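Biologist: Please present the model, and then let us discuss its helix packing, its ligand shell and its backbone.

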Amino acid sequence: MLSYISAKEAAEKWNISQRRVAVLCSESRIDGAMMVGKMWIIPGNATKPEDKRAAKYETKQVQLKPFVKWAGGKSQLVEQIKQLFQQEGPGRLTKYAEPMVGGGALLFNILSLNIFEQVYICDINAELINAYNAVKYNADALIDKLNAMQLNFLPMDENGRKYYYYSIRDKFNNTLLNDDTCTDKAAYFIFLNKTCFNGLYRVNKKGQFNVPMGAYKTPCICDEDNLRAVSKALQNVTIVCGDYTQCRQFADSNTFVYIDPPYRPISQTSAFTAYNTDAFNDDEQIRLAAFFDELNGKGAKVVLSNSDPKNIDPDDNFFDNLYKNYTIERVSATRMINSKATRRGQINELLIHN
Ligand SMILES: C[S@@+](CC[C@H](N)C(=O)[O-])C[C@H]1O[C@@H](n2cnc3c(N)ncnc32)[C@H](O)[C@@H]1O
């Protein structure tokens, strides 16, 4: 006589989530599975269906996109920056390093092109780097969690959404990041990024994320296709959490290094460099310029972008002096995140390179 097991037992046997078993049953991918009441039961001798989700991405060439929105993302400069390494001619640059990667607007463009043999990324934001690692190593579990959050959140009315958003924000802030919590924390991090005001990442002095809920009608919390494609592309990427100087071990004369630091605060009160509790002030910019020199000395091709202080004060020559030995280009761009929507507009960005 045929014996049956529950979805929970099948999930344990096949080492997948119970939700995944339910999806497979509803897609008729498990012969003999039946719904009894509200539960699926599965023939005890059923075999685990092949995971077609992974196969789908082996053949499909996908244009990769950042999986989080990130303040200061330089998507508008991507084409100019790509020209800078294409000018170096084929064969010279085989390695790519982005030691302040943020959301990785350029990184994902570069990974889509698949032109570098080795890729290295780094950021000082531990929660962001944890999310990169979760996408790299635990994509299935992460996608299950994000899908579940999306299914909960989207049908809610505004009050329901607020309650849900702030409860996830509390969980994110009250859960210590460690091996047991890393996938949960990555899911909270991506959920908050997709549903918070302007996709900002801002923390208070205690390091707690304090951005209020945004007003998106149908935020895409789980872009499953992109997450899977990104996960595949990250398999060959070295991911490091720490100070940008850590990339000195990786960078050599065959390396293209792209550095996109936080904006230099225009005033003491400027809140938009507060990615971390430490603002990226002039001393930090000077330390970074010394690192630029070090990489230049190694023969790396180095490109650094920054907001042009001359947008505010035409006499501010801070970067012109700091990088006087290099080429400084001024490129027109639209600033994406500003405290006042009315102040969004065309400004110059600096592209500095050797
Ligand atoms: C302007 S954002 C980079 C944006 C990125 N280009 C993008 O496409 O989203 C600057 C990044 O530098 C990181 N950062 C700040 N100080 C750092 C440090 N000392 N070392 C490494 N990363 C740092 C921040 O966490 C932030 O993600």
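Modeller: In this predicted model, Y132, V135 and K136 of helix α6 meet L227, V230, S231 and L234 of helix α10.

Biologist: Which residues by class form the contact of α6 with α10?

Modeller: On the α6 side, the contact is made by Y132, V135 and K136. On the α10 side stand L227, V230, S231 and L234. By class, the contact has one charged, one polar and five nonpolar residues.

Biologist: How many residues of the shell around the ligand are charged?

Modeller: The ligand is surrounded by 22 residues, the closest being G72, M100, G102, G103 and A105. Of the shell, eleven are nonpolar and seven polar, and the charged residues number four.

Biologist: Is N15 buried or exposed?

Modeller: N15 lies in the loop between α1 (7-14) and α2 (18-26), and its phi is near 60°. Because N15 has 7 C-beta neighbours inside 10 Å, it is exposed.

Biologist: What is the phi of N114?

Modeller: N114 is placed in the loop between α5 (105-113) and β5 (118-123), and is exposed, with 11 other C-beta atoms within 10 Å. Most residues other than glycine have a negative phi. N114 is a residue other than glycine with a positive phi, near 55°.

Definitions and conventions:
Residues numbered from 1 in each chain as written. Predicted model: local features only at pLDDT ≥ 70, side-chain atom pairs only at ≥ 80, totals over all residues. Contact = placed C-beta atoms within 7 Å. Helix = DSSP H or I, 4+ residues; strand = E, 2+ residues; numbered from the N terminus. Nonpolar A, V, L, I, M, F, W, Y, C, P; charged D, E, K, R; others polar. Near = placed C-beta within 6 Å. Buried ≥ 20, exposed ≤ 12 C-beta atoms within 10 Å, placed from the backbone.
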